[in-house]
Amino acid sequence: MAVTTRSLTGTTHKLDAWFVGKLILIFFRIMLGAWMIVSGASHLLSVFGYPPIFPQPLGNMHPSNVMLVSLLEVGLFDLVKTVELVVGLCLVFNVFVPLALAVALPVSYMVFHNSIALNFRYERIFSTYMAVWCLYMNIILLLAHIRYYLPMLRMRAPMGRLEDLKGLATIFQDPDRPQGGR
């Protein structure tokens with residue numbers, strides 16, 4: 001679907017809805033990735049003795065504080081922030097995006113749940129608050145990459161065979177470029 005507009009100078013401009021949608025998805029991918037890089041790097045800098053980019057809040061309400069402090073005390077917060085950093089790099093550099101989005105979903109949900117439910121800030125559900133949009137962008141991008149997840153959603157999937165490992169050679173090939181040509 002294309003929208004055509006005419007300017008006062010008589011110039012015709014075409015705006016393709018598919019192109020605009022693709023630009024929005026690219027923006028979401030880069031924005032989510034950049035946010036995760038900054039969030040993960042900020043915490044990991046402090047682990048290595050450097051000042052964080054921004055201090056990690058420990059929650060305004062008791063349930064949020066308990067969750068975050070518990071994650072810190074048992075060392076899982078370092079893992080969460082490492083996952084954020086790696087996922088962010090994958091999203092920004094557009095590598096292994098379907099895998100990165102699937103790995104990011106629990107982290108995105110945890111950020112959303114902490115921000116909204118554990119801090120009792122339900123008014124933020126429809127806001128532009130990044131902790132909310134982290135989950136929204138993750139879900140929208142997952143849906144945009146649904147073709148990569150559909151093969152996993154089989155009711156009774158047969159088990160793989162050893163020769164299926166030959167398919168590993170194809171993971172670095174561009175799926176949009178025809179094979180055999182340059």
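**A buried salt bridge and the helical core around it**

In this predicted model, the side chains of Lys81 and Glu84 meet in a salt bridge, with N and O 3.1 Å apart; the term denotes a side-chain nitrogen of Lys or Arg within 4 Å of a carboxyl oxygen of Asp or Glu. Both Lys81 and Glu84 belong to helix 3 (residues 76–92), where they are 3 residues apart, about one turn of the helix. Lys81 is buried, and so is Glu84, where buried means under 20% relative accessible area, exposed over 50% and partly exposed in between (1.4 Å probe, protein chains only). By the rule stated above, the count comes to 2 salt bridges. The other pair is formed by Glu163 and Arg161, with the closest N and O atoms 2.9 Å apart. Glu163 counts as partly exposed because its relative accessibility is 44%, and Arg161 is classed as exposed because its relative accessible area is 55%.

Residues are numbered from 1 along each chain as its sequence is written, and side-chain values use heavy atoms, with hydrogens and water left out. Because the model is predicted, local features need pLDDT of at least 70 and side-chain atom pairs count only at pLDDT 80 or more, whereas totals for chains, interfaces and linings use all residues. The protein chain averages a pLDDT of 88, and 89% of the residues score at least 70; pLDDT is the predictor's confidence in each residue, from 0 to 100. Confidence is highest in helix 3, at 96, and lowest in strand 1 (residues 2–6), at a mean of 59. Where pLDDT is low, the predicted coordinates should not be read in detail.

The protein chain contains 6 helices and 2 strands, which are DSSP runs numbered from the N terminus (helices H or I, at least four residues; strands E, at least two). Along the sequence, these elements follow the pattern β-β-α-α-α-α-α-α. Of the 182 residues of the protein chain, 27% count as buried. Among contacts in the protein chain with a separation of 6 or more, 60% are accounted for by residues 24 or more positions apart, contact meaning heavy atoms within 4.5 Å.

The largest nonpolar core has 18 residues, of which Leu32, Met36, Val87, Leu91 and Leu101 touch the most other members. Such a core is a set of buried Ala, Val, Leu, Ile, Met, Phe, Trp, Tyr and Cys residues joined through side-chain atoms within 4.5 Å. At least two residues of this core are supplied by each of helix 1 (17–47), helix 3, helix 4 and helix 5 (130–144). In soluble globular proteins, nonpolar side chains tend to be buried together. Met36 is found in helix 1 and is classed as buried because its relative accessible area is 1%. Neighbours within four places in sequence aside, Met36 is in contact with Glu84, Leu85, Val87, Gly88, Ala104, Val107, Ser108 and Cys134.

Helix 4 (residues 97–118) has 22 residues and reaches 29 Å from its first C-alpha to its last, close to the 32 Å expected; the expected span is 1.5 Å times one less than the number of residues. At Ala104, helix 4 bends by about 35°, and a proline, Pro106, follows within four residues. The bend is the angle between axes fitted to the seven residues ending at a position and the seven starting there.

Several residues flanking helix 4 have a positive phi. Most residues other than glycine have a negative phi. In the loop between helix 3 and helix 4 lies Asn94, with phi near 60°; Asn94 counts as partly exposed because its relative accessibility is 48%. Phe96 lies in the loop between helix 3 and helix 4, with phi near 50°, and is partly exposed at 42% relative accessibility. Helix 4 is followed by Phe120, whose phi is positive, near 55°.

Ser64, in helix 2 (residues 62–74), is buried, with a relative accessible area of 0%. Beyond residues up to four places away in sequence, Ser64 touches Leu58, Gly59, Asn114, Leu118 and Asn119.
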